[in-house]
Structure formats: C-alpha cells, structure tokens
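Dear colleague,

I am passing on the structure below, together with some notes on what was found in it. Please keep it open while you read, so that you can look up each part as it comes.

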Amino acid sequence: MTLLRPQVGPITGPDPSVFSQHYWDGCAAGELRFQRCAVCDTAVHTPAAVCPSCGSEELRWESSSGRGVIHSVTIVWRPVTPAFEAPYAPAIIELEEGWFLLTSVIDCDTDGEELAIGAPVEIVFHPLADGFVIPYARPR
Ligand SMILES: [Zn+2]
C-alpha cells in the first residue's frame, strides 16, 4: 500500500500554445476548461482551432464540473526520468461533459478500489515547481 501524491520535483511543465493558453489560465484559476463545438455539440480536448468531429471553427470555451470516472489507469513504479516521484498513476478520465483528460490519480492507495475502472473522481489542481498549475484526479 502506497499513497499516490502530486509530483513535487522539477518535472517539465506545459508549453502553452495560442490554442491551449486559455486552458492553462483556467488551471491556474482552479477551473477546468474545455471547448465545445457550436455546430455539432462535440466536447473537444485537447484545445484546437477546428472541431475534430465536423471541422467547424465555431469552438466555444466552457467550464467543466471536474467530475468524472476513471476510463483507464496504470501505475508507474519506475519513472521515465529521476524528476518524477514514483509510484504515480497516469489515468484517462472521462469527464461528465463527455470528454477525456489524461492526468494522474492522487490521494489514494496503489492497491485500493479507488483506482478501478469506472471509479468516480474529481479534478483538483496542484502547482509544479516552475509555477504551472496542473490538474490531477482524486477519488470522490
Ligand atoms: Zn463540430
């Protein structure tokens, strides 16, 4: 049994683009943002210039509830670089609004039911060493 925690080391932060800056600004403000297509209603993430479903440029920003379920998860015991503190649990989270976020699950044990596929989670935010704020998922 090992508690999963946010990364505290000097891991590489995001490199915001003109499309993703609003997303990262939201994280810094404690708000999980995504885009929705005004033409076909598809929820879009990662931030884009055109809808990946219909090609429309009519993408609008919305705020997510931050609630979702674990769609897929694994536990990393040997990190890819020494900057990462293991173990950590990369996961694909399916948000209530119908989009997916790749993040890590924290605030639970490595061997608990809280890491099961379909387990309910909520998004919380933690700063990296360089000041970027990134989203994590935790059991709810
Ligand atoms: Zn669309």
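In this model, which is predicted, Arg36, Asp41 and Glu62 are linked in a network of salt bridges. Arg36 is buried, with a relative accessible area of 15%, because buried means under 20%, whereas Glu62, at 29%, counts as partly exposed.

How many salt bridges does the structure hold? There are seven, and another of them joins the side chains of Arg5 and Glu85, with 2.1 Å from N to O.

Next comes the metal site. The zinc ion is coordinated by the SG atoms of Cys37, Cys40, Cys51 and Cys54, at 2.2 to 2.4 Å, and these donor residues follow the spacing C-x2-C-x10-C-x2-C in sequence. Cys40 belongs to the loop between β1 (33-37) and β2 (43-44), and Cys54 to the loop between β2 and β3 (59-63), so these two tie together parts that are 14 residues apart in sequence. Why is the arrangement around the zinc ion called tetrahedral? The four donor atoms subtend angles of 105 to 115 degrees, and four donors count as tetrahedral if all angles lie between 85 and 135 degrees.

Finally, the protein chain is divided into domain 1 (17-63) and domain 2 (65-140), and 21 Å separate their centres, taken over C-alpha atoms. The contact between them takes 13 residues from domain 1 and 13 residues from domain 2. Together the two domains bury about 980 Å² between them, with 76% of it on carbon and sulfur atoms. On the side of domain 1, Trp24, Leu32 and His45 lose the most area to domain 2, together 45% of what that side buries. Across this interface, the rule finds zero salt bridges.

With best wishes

Definitions and conventions
Residues numbered from 1 in each chain as written. Predicted model: local features only at pLDDT ≥ 70, side-chain atom pairs only at ≥ 80, totals over all residues. Heavy atoms only, no water. Donors = N, O, S within 2.8 Å, 3.2 Å for Na, K, Ca; no water. Tetrahedral: all angles 85-135°; square planar, octahedral: opposite > 155°, others 65-115°. Helix = DSSP H or I, 4+ residues; strand = E, 2+ residues; numbered from the N terminus. Domains from an automatic or database assignment. Contact = heavy atoms within 4.5 Å. Buried area = accessible area lost by both parts, 1.4 Å probe. Salt bridge = Lys/Arg side-chain N within 4 Å of Asp/Glu carboxyl O. Buried < 20%, exposed > 50% of the residue type's maximum accessible area, 1.4 Å probe, protein only.
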